[in-house]
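Please look over the sequence and the model first.

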Amino acid sequence: MNSSATTVSRSPAPNGNGDQSSGPEIPFNRKNRNVYVSINGRMIHRRRARISPFDAAVQAGDGVWEEMRLYEGHVYKLVDHINRLRYGAEQLGFKEIPSRPWLIGQVKRALLDNNMYDGVHIHLVMTRGIKVTAGTDPVLNKYGPTILIICEYKNAAEYALPVKLMVSPYKRVPAECCDPEIRHTGLVPNLLARMDAQRKGADDALLLDASDKVTEATTSAFFYVKGGNVYVAPKAAGAEAMCRQGVIDLCKQLEIKCEEKTFSVKDLAKAEEMFLADTLREITPVIALDGKPVGSGEPGVITTKIAAH
């Protein structure tokens with residue numbers, strides 16, 4: 001990671017001139033001012049990047065997405081991410097889906113054209129494409145898909161500050177309604193849960209399923225530590241499978257017992273530590289749940305050890 005990058009307190013204004021905008025304070029790396037975005041294979045400066053108002057993402061929020069990280073020239077689980085993207089598009093009935101080699105080549109080209117090597121976050125979106133007329137019906141799509149690749153310098157440590165969670169009244173969308181392996185851009189339920197938590201003084205929300213079993217946070221896999229062991233909900237309970245599996249594999253390497261099991265909020269009462277795992281932040285310590293401190297109220301030993309690796 002490039003921890004020496006200069007940052008400002010807020011994200012840049014839409015025109016890219018650096019004027020401060022309203023909203024929560026987030027890290028912004030100045031090196032991202034002149035990144036080029038890939039749109040259907042064309043590299044375009046971020047200030048000039050546009051998609052059609054008739055695109056399915058604009059008309060119906062209809063698309064699939066992946067986020068990845070670049071470490072010292074290597075995109076973590078690149079093939080796995082591309083496979084999941086294509087799987088989601090297939091399940092949603094996209095008529096045209098680019099090949100795996102083409103998508104991998106476009107990701108690599110976007111990184112090369114931006115001269116990026118390390119500490120980079122990659123956001124890949126595939127929409128159903130452009131419609132012949134405005135509307136939500138997929139039959140209106142005659143041109144597509146649209147492929148967007150955004151590469152930015154993002155230091156995970158700047159995002160992975162300890163967080164407070166709140167158990168959300170909003171439920172995790174069940175697998176019976178949508179396969180969790182489909183990373184759909186329609187994230188309204190997750191956004192509502194997070195905004196509700198933020199209004200109530202938390203940073204993020206912990207989502208339960210219809211049986212009140214714990215699943216995940218709004219954009220992250222959720223883990224807790226008890227008796228020195230790490231626990232996580234079964235894979236079917238959440239969509240953050242890639243980072244979730246990464247933590248499970250890492251625990252095995254570090255000889256930390258990690259068990260997959262169903263559990264309720266009551267089971268978390270005596271948890272010594274909690275943490276989240278996702279691509280943007282990597283490992284994020286959870287220091288409070290529903291206003292009560294987790295353990296000592298500070299990042300725990302196991303969490304810190306996993307994050308360090």
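**Overall fold and packing**

Among contacts (heavy atoms within 4.5 Å) in the protein between residues at least 6 apart in sequence, 66% join residues at least 24 apart. This is a predicted model, in which local features need pLDDT of at least 70 and side-chain atom pairs count only at pLDDT 80 or more, while totals for chains, interfaces and linings use all residues. Residues are numbered from 1 along each chain as its sequence is written, and side-chain values use heavy atoms, with hydrogens and water left out.

Q: What is the radius of gyration of the protein, and why does it agree with a compact globule?
A: The radius is taken over C-alpha atoms, and the globule rule is 2.2 Å times the number of residues to the power 0.38. For 309 residues, a compact globule would have a value near 19 Å; this agrees with the radius of gyration of the protein, 20 Å.

Q: Which residues have the most contacts inside the largest nonpolar core?
A: A nonpolar core is a set of buried Ala, Val, Leu, Ile, Met, Phe, Trp, Tyr and Cys residues joined through side-chain atoms within 4.5 Å; buried means under 20% relative accessible area, exposed over 50%, and partly exposed in between (1.4 Å probe, protein chains only). The largest core has 26 residues, and those with the most contacts inside it are Val107, Leu111 and Ile122.

Q: Which helix supplies the largest share of this core?
A: Helices (H or I, at least four residues) and strands (E, at least two) are DSSP runs, numbered from the N terminus. Strand E5 (63-71), helix H2 (78-91), helix H3 (100-113), strand E7 (120-127) and strand E10 (146-153) each supply at least two residues. The largest share, 5 residues, comes from H3.

Q: Is Arg172 buried or exposed?
A: Arg172 is found in the loop between strand E11 (163-171) and H5. Its C-alpha atom is separated by 7.6 Å from that of Ala210, 38 residues apart along the chain. Because its relative accessible area is 14%, Arg172 counts as buried.

Q: Why does Leu192 count as partly exposed?
A: Leu192 lies in helix H5, which spans residues 188-199. Leu192 counts as partly exposed because its relative accessibility is 34%.

Q: How many helices and strands does the secondary structure of the protein come to?
A: Of the 309 residues of the protein, 48% count as buried. The secondary structure comes to 7 helices and 19 strands.
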